Amino acid sequence: MTKPLDAEEQHLWHVWKTASEQVRQRVGDEIKAGTGLSDPDFGILTRLVELGGGELRQNDLGASMGWHRSRLSHQLTRMEERGLLRRRSVDGGVLVQVTEQGSDLVDVARPIHAAAVRKNLVDHVEGPERRALVQLLEALAGD
């Protein structure tokens, strides 16, 4: 049987969770304040624009986000109702396309996202520490 985490391991886990959650929340809050897009909205729209040139098959979009099919479907329905994207049936699946409104909001959100990431993450880690952090995170992610 595996022994419980000791105090140092527990502290590492707690600090990791808190830092990652706080940084993501702050970045998401700034995008939401500047555009009205939620973090999931922004994630979906940027993937459509960056990976698919404005459109992707729904299954490919879900795989790129690591989302379960039902979660993605519910989110896409909400976004479609707000005019951010549209879906249409194609051979053996569904094609998700960003609308002009969705594309325009991505254009507004990108500089907000960049500034928020810099303010809440990048500016706190410089030089050799940044390179070491990137290497550590890549190792943890399995890249």
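Biologist: Why is Arg 110 called partly exposed?

Modeller: Arg 110 has a relative accessible area of 29%, and a residue counts as buried under 20%, as exposed over 50%, and as partly exposed in between (1.4 Å probe, protein chains only), so Arg 110 is partly exposed. This is a predicted model, in which local features need pLDDT of at least 70 and side-chain atom pairs count only at pLDDT 80 or more, while totals for chains, interfaces and linings use all residues. Residues are numbered from 1 along each chain as its sequence is written, and side-chain values use heavy atoms, with hydrogens and water left out.

Biologist: What makes the meeting of Glu 50 and Arg 110 a salt bridge?

Modeller: Their side chains come to 3.1 Å, N to O, and a salt bridge asks for a side-chain nitrogen of Lys or Arg within 4 Å of a carboxyl oxygen of Asp or Glu, so the pair qualifies. The two residues link distant parts of the chain, with Glu 50 in helix α2 and Arg 110 in helix α5 (residues 100–120), 60 residues apart; helices here are DSSP runs (H or I, at least four residues) and strands likewise (E, at least two), numbered from the N terminus.

Biologist: Is Glu 50 buried or exposed?

Modeller: Glu 50 has a relative accessible area of 54%, so it is exposed.

Biologist: How do you know that Asp 41 forms a salt bridge with Arg 82?

Modeller: The closest N and O atoms of Asp 41 and Arg 82 are 2.9 Å apart, and this lies within the 4 Å limit, so the pair is one of the 5 salt bridges that the structure holds. Asp 41 sits in helix α2 (residues 39–52) and Arg 82 in the loop between α4 and β2, 41 residues apart.

Biologist: Why is Asp 41 called buried, and what is Arg 82 called?

Modeller: Asp 41 has a relative accessible area of 2%, so it is buried, whereas Arg 82, at 40%, is partly exposed.

Biologist: What makes β1 and β2 edge strands?

Modeller: The open sheet of 3 strands has the order β1-β3-β2, with antiparallel pairing, where two strands pair if DSSP finds at least two bridges between them. β1 (55–57) and β2 (85–90) each have a single partner strand, so one side of each is left without a neighbour in the sheet.

Biologist: How do you know that β2 and β3 pair?

Modeller: β2 and β3 (residues 93–98) share 6 bridges in the antiparallel sense, and at least two are required, so they count as paired.
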